[in-house]
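Let's walk through this structure together, moving from the whole chain down to single side chains. Keep the view open as you read.

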Amino acid sequence: MLSACGGSGGGNSQEAGNVLLAGATVAVSEAAPTAVSDGATAIGTTPARQGGLALAAAPAIAPLPVPNDEGAALTFSSVGTIDSANPFFKAQGNGRSCASCHQPDNGWSITPDGLARRFEASAGLDPVFRPVDGAVSPNAATATLAQKRVAYSMLLSKGLVRVGLPLPANAEFTLVKIDDPYHYASAKELSLFRRPLPTTNLAFLSSVMWDGRETTADPASTMCLKDVRPARCFAAIDADLLHQSNSAVRGHAEAALDLSAAEQRAIVDFEKTLFTAQSSSLAAGGLSEGGALGGPVRLSRTGYYFGINDVQAGDYRSGAPFNRNALDLFGAWRNLANPPAPAAPPGRGRPAPPPPAPSAQNLARAAIARGEQIFNNKPFNISGVAGFNDELRLPLQRGTCSSCHNTPNVGSHSVTRMFNTGVAAGALRSADMPLYTLRNNATGELVDTSDPGAAMLSGRWRDIGRVKVPSLRGIESRSPYFHNGSVHLIEDVVGFYDKRFRIAYTAQEAADLAAFLKAL
């Protein structure tokens, strides 16, 4: 629950570590069950399961990387062990733990497939299925199994939890119309359906929650947006996470009492040790082989600080300009599709033999490398993005994917900004989502949206639809995508942005970009 329950092989690997689950310590690699340890911890699927947490049945059982449609993902811990006695895994008021909404084998989030298995195994009684935010409305009928399937349909189809928030008292807009298929939402409590953000890779956070409502301002902080007046400064993420851990337990777990300070500290410290990334590809093999820098161990060694690569001001500390090559993991694979031709044999007039055909694995690796180059360098016009074009004073900006996903080798945003790319626009609303019509109090302008985003916190018209930029590492394990789970395939994510910004990817470019994203 911590980050957002109310809120996205083959070959021998060199990355390895020790796993400790339910007291069993074993060695595990990204693609093989044994390897030399480097002091990190790998988490994967095992035969036994308890409360949604994968547990080792015996020391002889070596957990494997968690398989997904494109290969496998892996989580490493920087402290060497996973403490299953941590309060993260402790059942609270209504039986939920943090792990109820943040499953180790679902990229530390939840997925429809995983939820369906839990629903069937428990007849809809697993703690994740609770009316407070798991149901389409708190009033949904849940007496029978058939009623439960309907009540928890948003969890089961898209992995969405319901966030109930009131319209801000100081809002610059008025709610003039509601189309809620569940007949619950009102100005007193809008129903906003969102994906739980993962409780891993938190070392790279610049904001907490999709709408930033647990990202607190702090005028005395040094974490301030550069060249912004009036100054916008933020508290340390650690403090935000401590507060949010208790808010989640009191709200989503319906606990009667606050967490103790020690419990809050233990949960946050535990989560900050976790690093998750895709570790292997069915087609490309190990993602840390052949000079590539993929996988979770190298991710755990990636540096980050607030403003490390801001699209507007560059590096806050070094003063270096913005580097659009924000993801630089697979450069070593760029030329694998074109192996060099053999040298001509000795003797006059003897032609050189043709170059060898690249292997299927090398072709797959080359596609990933091309996709990385497209991500960083394929230019397109960025326009009409609230939070980007208006706040950065760039009405039309020539940019790339890394303009927003600019945290080096992570793909989140390196400072605290929220953007509206139109994901929640009324025109894209699906029939299972509530739709809200909002009117600007000053101008009378109307907008339809399925989620006002950050405007539910600030009350500002310009913030409608704005949400945070999530990390891209390990996303293959966390389908569906976007804050509202509106697309299930990475190819559809590429297609959304291709259409939104009129990029005009070729079929090959779109396929390469998707291959790259799947390898993160």
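Two residues are in contact here when heavy atoms of theirs lie within 4.5 Å. With that in hand, please remember that you are looking at a predicted model.

Leaving aside residues up to four places away in sequence, Val415 touches Ser206, Leu225, Phe306, Gly307, Asp310 and Tyr316. Val415 counts as buried because its relative accessibility is 0%, the cut-off for buried being under 20%. Val415 also sits 8.8 Å from Met223, C-alpha to C-alpha, although 192 residues separate the two in sequence.

Now step back to the whole chain. Its secondary structure comes to 11 helices and 17 strands, and 56% of its 520 residues count as buried. The accessible surface is about 20,700 Å², with 55% of that belonging to carbon and sulfur atoms.

Among the strands, look for an open sheet of 4 with the order β5-β6-β12-β13 and antiparallel pairing. At its edges stand β5 (66–68) and β13 (285–286), each with a single partner strand, so one side of each has no neighbour in the sheet. Strand β12 (residues 274–281) is joined to β13 by 2 bridges, and Ser281 has Gly285 as its bridge partner in β13.

Next come the aromatic rings, which form 22 pairs. Phe88 and Trp108 have ring centres 5.8 Å apart and planes at 65°, so this pair is edge-to-face. Phe88 lies in the loop between β6 (71–77) and α1 (98–101), while Trp108 lies in the loop between α1 and α2 (112–122), 20 residues apart. Both Phe88 and Trp108 are buried. Another edge-to-face pair is Phe204 with Tyr304, at 6.4 Å centre to centre and 80° between the planes. These two are 100 residues apart in the chain, and both Phe204 and Tyr304 are buried. Ring pairs also link Phe380, Phe482, Phe496, Tyr497 and Phe501 into a cluster. Elsewhere, Arg317 lies over the face of Tyr305, 4.0 Å from the ring centre.

Finally, visit Ser479, in the loop between α9 (455–458) and α10 (490–500). Is Ser479 buried or exposed? Its relative accessible area is 19%, so Ser479 counts as buried, given the cut-off of under 20%. The Ser479 side chain reaches the backbone oxygen of His488 at 2.6 Å. Not counting residues up to four places away in sequence, Ser479 touches Thr111, Pro112, Arg195 and His488.

How values were computed: Residues numbered from 1 in each chain as written. Predicted model: local features only at pLDDT ≥ 70, side-chain atom pairs only at ≥ 80, totals over all residues. Heavy atoms only, no water. Pairing = 2+ DSSP bridges. Buried < 20%, exposed > 50% of the residue type's maximum accessible area, 1.4 Å probe, protein only. Polar contact = N/O pair within 3.5 Å; in protein donor to acceptor, adjacent residues only side chain to side chain. Areas by Shrake-Rupley, 256 points an atom, 1.4 Å probe, with all protein chains shown as cover. Phe/Tyr/Trp six-rings, centres within 6.5 Å; stacked < 30°, edge-to-face > 60°. Lys NZ or Arg CZ within 6 Å of the ring centre and 35° of its normal.
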